[in-house]
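Thanks for coming. I will walk through one structure today, so please bring it up on your screens.

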Amino acid sequence: MGQVIDRATVSRWLAGYEAAWRAPGTDGLAGLFAHDATYLQSPYEQPVAGLDAIRRMWDEQREGPGEVFTLATEILAIDGPTAVVRAEVRYGDPTRQEYRDLWVIRLRADGHCTWFEEWPYWPGRPYSARDDPP
């Protein structure tokens, strides 16, 4: 039988994720992700594999520790080692970009993430299968 992760473990991980995003450098990632973790920025993107690659991706994606943003998360479900979280992110003050996201997170018993998958949605982007824009 697989391990079971509780809400407290997921909440600690989410707080660590936000703290790592706000901190200079990427040292905080070692406390969050397993050395062989997989990170998908979108379900159709190529996975970023391994802690070193995740660090490089974070360095490329972030503006830096002074970046102004708010992050609100809500744990929607936990099933064994897997949690599903709704995240809402707003960048800038006033807000210049925002999006809602679903995160699928697989955690080990020690709280390190082995799988992180994002399903982001930005306002104004098409959400139908039609080719022509709305």
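In helix 2, the buried residues are Leu 51, Ala 53, Ile 54, Met 57 and Trp 58. Buried means under 20% relative accessible area, exposed means over 50%, and partly exposed lies in between, with a 1.4 Å probe and protein chains only. Looking down the axis of helix 2, these buried residues fall within an arc of 155°, so they line one face of the helix. The arc is that of the directions from the helix axis to the C-beta atoms. The face turned away from the buried side of helix 2 carries the exposed residues Arg 56 and Glu 60.

Before I go on, a word on the source: this is a predicted model, in which local features need pLDDT of at least 70 and side-chain atom pairs count only at pLDDT 80 or more, while totals for chains, interfaces and linings use all residues. Residues are numbered from 1 along each chain as its sequence is written, and side-chain values use heavy atoms, with hydrogens and water left out.

When I say helix or strand, I mean DSSP runs, numbered from the N terminus: H or I with at least four residues for helices, E with at least two for strands.

**Helix 1**

Now to helix 1. This helix has 16 residues and reaches 23 Å from its first C-alpha to its last, close to the 22 Å expected at 1.5 Å a residue. The expected span is 1.5 Å times one less than the number of residues. Buried in helix 1 are Thr 9, Val 10, Trp 13, Leu 14, Tyr 17, Ala 20 and Trp 21. Down the axis of helix 1, they fall within an arc of 135°, so they too line one face of the helix. Their cover includes strand 1 (33-40), helix 2, strand 3, strand 4, strand 5 and strand 6.

Take Val 10 from that list. Its relative accessible area is 1%, so Val 10 is buried. Which residues does Val 10 contact, leaving aside neighbours within four places in sequence? They are Ile 5, Ile 75, Ile 78, Ala 83, Val 85 and Leu 107. By contrast, Val 4, in the segment before helix 1, counts as exposed at 62% relative accessibility.

**Strands and one loop**

Thr 38 lies in strand 1 and counts as buried at 16% relative accessibility. Beyond its neighbours within four places in sequence, Thr 38 is in contact with Pro 47, Val 48, Thr 114, Trp 115 and Phe 116.

Leu 76 lies in strand 3 and is partly exposed, at 37% relative accessible area. With neighbours within four places in sequence set aside, Leu 76 is in contact with Val 84, Val 85, Arg 86 and Leu 102. From Leu 76 to Arg 86 is 10 residues in sequence and 6.7 Å in space, C-alpha to C-alpha.

Arg 106 is in strand 5 and is partly exposed, with a relative accessible area of 35%. Not counting residues up to four places away in sequence, Arg 106 touches Pro 81, Thr 82, His 112, Cys 113, Thr 114 and Trp 115.

In the loop between strand 4 and strand 5 we find Pro 94. The peptide bond from Asp 93 to Pro 94 is cis, with omega near 10°.

**The largest pocket**

Last, the largest pocket, with a volume of about 480 Å³. Of the 23 residues that line this pocket, the closest to its centre are Trp 21, Gln 61, Tyr 91, Tyr 99 and Glu 118. On a 1 Å grid over the protein atoms alone, a pocket is an open set of points where a 1.4 Å probe fits, with protein on both sides within 12 Å along at least five of seven lines, and lining residues have an atom within 4 Å of a point. Grid points are joined across faces, edges and corners, and the volume is the space filled by probe spheres set on the points.

Which element gives the most to the lining of the largest pocket? Strand 5 does, with 4 residues. The lining divides into 13 nonpolar, 4 polar and 6 charged residues. Here Ala, Val, Leu, Ile, Met, Phe, Trp, Tyr, Cys and Pro count as nonpolar, Asp, Glu, Lys and Arg as charged, and the others, Gly among them, as polar.

Terms used: Contact means heavy atoms within 4.5 Å.
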